[in-house]
Amino acid sequence: MEEFEKKEKKFLKNPLLTKVFSLFVMILLLQIPLYMVGDLIRERGNLYEETSMKIGSEWGKTQRIAAPFLTIVYPKPVNKEEEQKKIVILPDVMEAKITMNQEERKRGIYRAVVYNAKANIQGFFDAKKIPKDENVKIYLSFGLTDTKAILKVNQYQFGSKDFTDLESGTRAEPLINKGISTLLSKEYIIEKEKIPFIIDMDFRGSGEVSILPFGEKNIVEITSPWTSPGFTGILPSVKEISKDGFHGKWEATHLVRNYPQVISVENDSYLDSFSDGEDSDYSEMDRWKYQEKDSSAIRVELFSPITNYTQVSRACKYGILFIMLSIIVVYIFEVASRQFTHFIQYGVVGISLVMFYLLLLSLSEHFHFGISYAISSLAIIIPNSLYMMSLTRNKKFGLGMFAFLVGIYAILFSILRMEQYALLTGTVLILAVLYVIMFLTRRLDLYFEDEK
């Protein structure tokens, strides 16, 4: 017992124990510059998102098609206090084919992926639902969120006539605010019970494309070379996603929505169903509400699941673990080589590991992430390995440090390339490194024994 107490006192007074505690404090202090780098990553990432949003907004906003439909405008009432009566008639059958080709736009060092789309929509209206009043005006309307992004109207056909005299506005405000329309002549309405239509249009957009299921029967196909689509709202009955892009097909009836085939424009109970959520780009809460109320739309989001800023941010979250492991390895080499290492030298190693994330952030804004990662990791691995060889005066420890840093940065890179199993893989591999360190330090107490 007396011998144990003597050894315990010796252990507590041992300078190595003091150094271990001091290194622990140093690791905690290194979280300050690491947090500052993380804050800079978040700031640059937010700036990237804002710039990409502005680029997309100038090119064409998130497009939502609410079309086609007939807007029936009744004569103005004699009483000025009364509102002019308008009704909207939706088609019986709607078949839409939308093809999108992506394009990259740049502003400075920032980039945004936008698209050029071609929409071909066909079907027919039931002539029996159209009022026979000679005094009403009938418009064939097409609702689109951002009309300034319309490139060309290739065909705007109703019945047997292709109209070219198109006007801005849907005539169905405030139910559907933005779009185009044309005034129809009566002879094109009474010629048959089922009146066909064909609308073919080229337009631009960004972020997503969606279409409302206006028909009693709806068949929609969307095709694009984009490899990371997000299907929301009404889910496709058939979808194919490959390295060449995606193809989705929807078959839906009018039962999936909460509005009828004939709607009074004055009835504001359906306004939420047609709101385009244009302001949702600027508020996460507004965007969430928009997604909730627009669940009866066919929507495809074109998003990048992992950006350079996302990967750098994820790498930075492992910073505390990698710094801790590296400091422990330096400490093991110090004990094994019996060469004294000053706290300043530990600090230099720690700061260099923090600089890795700052260098990676800077390079990834100008080069491919893989190239940026390779340059950044080598800029840390090589100097630290040479530094360790100089501290221990032994090439083996320098090579050991090189192997260790190559290993952990290779592990980190493999984690960043994963999506679904990144956290699990990172945890398992870091535990494996810890177990190796436990094995190497299992006899470290020998260095605390009394000298003979």
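This is a predicted model: local features need pLDDT of at least 70, side-chain atom pairs count only at pLDDT 80 or more; totals for chains, interfaces and linings use all residues.
Let me start with F356, which is buried at a relative accessible area of 0%, where buried means under 20% relative accessible area, exposed means over 50%, and partly exposed covers what lies in between, using a 1.4 Å probe and protein chains only. Residues are numbered from 1 along each chain as its sequence is written, and side-chain values use heavy atoms, with hydrogens and water left out.

Now, which residue forms an aromatic pair with F356? Rings of Phe, Tyr and Trp, the last by its six-membered ring, are paired if their centres lie within 6.5 Å, with planes under 30 degrees apart called stacked, over 60 edge-to-face, and the rest tilted. By this rule there are 12 aromatic pairs. One of them joins F214 and Y259 edge-to-face, at 6.1 Å centre to centre and with 85 degrees between the planes. F214 sits in the loop between β11 (208-211) and β12 (217-224), and Y259 in the loop between β15 (245-253) and β16 (262-264), so this pair ties together parts that are 45 residues apart in sequence; helices (H or I, at least four residues) and strands (E, at least two) are DSSP runs, numbered from the N terminus. Both F214 and Y259 are buried.

To come back to the question, the partner of F356 is Y373, and the pair is edge-to-face, with 5.5 Å centre to centre and 90 degrees between the planes. F356 belongs to helix α8 (residues 343-364) and Y373 to helix α9 (residues 369-392), so to speak of distant parts of the chain here is to speak of residues 17 apart. Y373 also counts as buried, at 4% relative accessibility. Ring pairs join F356 and Y373 with Y357, F369, Y409 and F413 into a cluster.Rings also meet charges in this model, where a charge sits over a ring if NZ of Lys or CZ of Arg is within 6 Å of the ring centre and within 35 degrees of the ring normal. K161 lies over the face of F163, at 5.4 Å from the ring centre, and R204 lies over the face of W59, at 4.4 Å from the ring centre.

Turning to the nonpolar cores, each is a set of buried Ala, Val, Leu, Ile, Met, Phe, Trp, Tyr and Cys residues joined through side-chain atoms within 4.5 Å. The largest of these has 60 residues, and those with the most contacts inside it are I65, L70, F142 and F214. Its largest share, 6 residues, comes from strand β1 (residues 63-73). A second, separate core of 46 residues includes V37, Y357, L405 and L416.

Where does V88 lie? V88 is found in strand β2 (residues 86-89) and is buried, with a relative accessible area of 1%. If contact is taken as heavy atoms within 4.5 Å, and neighbours within four places in sequence are left aside, the residues in contact with V88 include F69, L70, A172 and Q261.

R299 gives us a charged residue in the interior: R299 lies in strand β17 (residues 298-302) and is buried, with a relative accessible area of 1%. The side chain of R299 makes a polar contact of 2.8 Å with the side chain of E208, a polar contact being a pair of N or O atoms within 3.5 Å, of which, within protein, one must be able to donate a hydrogen and the other to accept it, and residues adjacent in sequence count only if both atoms are side-chain atoms.

A few words on the backbone. Most residues other than glycine have a negative phi, and most peptide bonds are trans. The bond from A67 to P68, however, is cis, with omega near -10 degrees, and P68 lies in strand β1. The bond from E173 to P174 is cis as well, with omega near 5 degrees.

Finally, 8 strands form an open sheet of mixed pairing, in the order β7-β6-β10-β4-β3-β12-β15-β14, where two strands pair if DSSP finds at least two bridges between them. The edge strands are β7 (161-162) and β14 (238-242), each pairing on one side only. β14 pairs with β15 in the antiparallel sense over 5 bridges, and H247 in β15 is the bridge partner of E240.
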